[in-house]
Amino acid sequence: MTPKERAEKSAAAMWAEDHASKWAGMEITHVDEGEATLELTIAQHHCNGHGICHGGVTFMLADSAFAFACNSRNQSTVAQHNVISFTAPGRLGDRLIATAREVSLTGRSGIYDVTVTNQDGQQIAEFRGFSRAIKGQLFDE
């Protein structure tokens, strides 16, 4: 199995049980070893009292992209901690694109950067996720 095939099979196994990301309206548009891209169109129910995308929704999208990137090797992996900086508001109707890439993987610990942009390429947020591998796999290999 190639690394890309493993990543795709891992993503399919995770997606089958990821009710939160599906509930929010996310779609996986790319996955490979150590990377993933998820997208979400901002609907009315994603907006806060300021009429912009709720920061928790942006964080959730980035966190989901991070999860698919750090689980791409079929090793069960969870978040140790994450941080996000919001750089611009997402607006109703915007298509948010969260692109995750692996920065470092040493033993059971990984670091991943996720850039969230809108459909015009404007940066909305920058997220850094720290992962920790745990026991188990997403599928039998």
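**Reading strands and core in a predicted model**

In this predicted model, the end C-alpha atoms of residues 50-124 lie 16 Å apart, and the span is 21% helix and 44% strand.

User: Which feature does UniProt place at residues 50-124?

Analyst: The unreviewed UniProt entry gives "domain: Thioesterase" for that span.

User: Which residue takes a positive phi in the hairpin of β5 and β6?

Analyst: Gly121 does, with phi near 85 degrees; the hairpin has 5 residues between the strands.

User: How is a nonpolar core read, and which residues have the most contacts inside the largest one?

Analyst: A core is a set of buried nonpolar residues joined through side-chain atoms within 4.5 Å. The largest one has 31 residues, and Leu38, Leu61, Leu96, Val114 and Val116 have the most contacts inside it. At least two core residues come from each of α1 (3-17), β2 (35-41), α3 (55-70), β4 (95-106), β5 and β6. The largest share, 8 residues, is supplied by α3.

User: What is Val116 in contact with, leaving aside its neighbours within four places in sequence?

Analyst: The contacts of Val116 include Thr58, Leu61, Ala62, Leu96, Ile97, Ala98, Ile124 and Ala125. In general, side chains in a regular strand alternate between the two faces of the sheet.

Terms used: Residues are numbered from 1 along each chain as its sequence is written. This is a predicted model: local features need pLDDT of at least 70, side-chain atom pairs count only at pLDDT 80 or more; totals for chains, interfaces and linings use all residues. Side-chain values use heavy atoms; hydrogens and water are left out. Two strands pair if DSSP finds at least two bridges between them. Helices (H or I, at least four residues) and strands (E, at least two) are DSSP runs, numbered from the N terminus. UniProt positions are given in the numbering used here, feature names are shortened, and annotations may be inferred rather than shown by experiment. Buried means under 20% relative accessible area, exposed over 50%, partly exposed in between (1.4 Å probe, protein chains only). Contact means heavy atoms within 4.5 Å.
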